[in-house]
Amino acid sequence: MKSDIPVYDLHTISEYRQEDILISRLAPYVENHKHLLFPHRHNFFHIVLFTKGSGTHAIDFQSFPVKPYQIYFMSPGQVHDWNFEKRVDGYVINFSNSFFQSFLLRPDFLENFPFFDGSVNNSVLNIPEEYREQIKELFEELLHEETGNKKHSANMVRVLLLKIFILISRFSIQDHKSAINSSYNYTLLKNFQQLIERNYTALRLPKDYAELLYITPNHLNALCNDMLGISA
């Protein structure tokens, strides 16, 4: 049952070093966390860049083939699992919801990037060849910074991550659905998702959330189908 899917936080990851951030090469991460091959959720942001390997991974029960220089982004609460056919490698980054909030004046800044909107269709991206080396070098810098215990390393990690997000948004924005570009619809969807996170134990029906959003259940259902490809 979907309700039985476990939820993991950063404290359940064995090689966890800092409170709000984990950066690792993918191969040892997978080897040390075999339980992550099965469906699970995170309460943190999760990014994986594949550099080699094959198989599949699924986000919110939608399956994608593993490809070198494919990157995917997951927001807290999404369901995920892996099914690898060969040894994979790359990079993995996990960071908490609060990791950027103390650094940026706008705590909702990450919501500007389409790959963090919670839509599966925007979560998985194939990096164009002209961007691959630059993005790989940034991931290597992140690894060195996170393990080096240097002064201001946490802020340098934040800067490098933001640079990655901006670079990726430059080539992904052209594929971003026009529906997401509607600020009203996007805000409505984010409000719906936040209401679910706060009230899912007490409110189970879409009509309850539609009432809180001051729209009809049909409107809410149409919005979710249009922007996420699933019903409310």
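Modeller: Asp81 lies in strand β8, which spans residues 79–84. The model is a predicted one, in which local features need pLDDT of at least 70 and side-chain atom pairs count only at pLDDT 80 or more, while totals for chains, interfaces and linings use all residues. Residues are numbered from 1 along each chain as its sequence is written, and side-chain values use heavy atoms, with hydrogens and water left out.

A salt bridge here requires a side-chain nitrogen of Lys or Arg within 4 Å of a carboxyl oxygen of Asp or Glu.

What is Asp81 in contact with, leaving aside its neighbours within four places in sequence? The partners are Leu36, Leu37, Phe38, Pro39, His57 and Ala58, where contact means heavy atoms within 4.5 Å.

Side chains of opposite charge can pair when their charged atoms come close. By the rule given above, the count comes to 3 salt bridges. One of them joins the side chains of Arg25 and Glu140, at 2.8 Å from N to O. Because Arg25 belongs to strand β2 (residues 21–25) and Glu140 to helix α3, this pair ties together parts that are 115 residues apart in sequence. Arg25 has a relative accessibility of 36% and so counts as partly exposed.

Another salt bridge links Lys34 with Glu31, whose closest N and O atoms are 3.6 Å apart. Lys34 is partly exposed at 44% relative accessibility, and Glu31 is likewise partly exposed, with a relative accessible area of 49%. Asp208 pairs with Lys207, the closest N and O atoms again being 3.6 Å apart. Asp208 is among the buried residues of helix α6 (residues 206–213), together with Tyr209, Ala210 and Leu213, whereas Lys207 is partly exposed at 47%.

Just after α6 comes Tyr214, with a positive phi of about 60°. Most residues other than glycine have a negative phi. Tyr214 sits in the loop between α6 and α7 (217–228) and is exposed, at 76% relative accessibility. His152 also has a phi near 60°; its place is the loop between α3 and α4, and it is exposed, with a relative accessible area of 57%.

Helix α3 (residues 129–147) and helix α4 (residues 153–172) meet at an angle of about 165°, their axes 9 Å apart. These axes are lines fitted to C-alpha atoms, for helices over the stretch in contact, and the angles run from 0 to 180 degrees between N-to-C directions. The two helices are therefore roughly antiparallel, since that description applies to angles over 145 degrees, with under 35 counted as roughly parallel, 65 to 115 as roughly perpendicular and the rest as oblique. Residues making the contact include Leu138 and Leu142 of α3 and Leu160 and Ile164 of α4.

Thr147 lies in helix α3 and is partly exposed, at 45% relative accessibility. The C-alpha atoms of Thr147 and Ile23 are separated by 8.7 Å, although the two residues are 124 places apart along the chain.

For the chain as a whole, there are 7 helices and 10 strands, and 47% of the 232 residues count as buried. Among contacts between residues at least 6 apart in sequence, 72% join residues at least 24 apart.

Note on methods
Helices (H or I, at least four residues) and strands (E, at least two) are DSSP runs, numbered from the N terminus. Buried means under 20% relative accessible area, exposed over 50%, partly exposed in between (1.4 Å probe, protein chains only).
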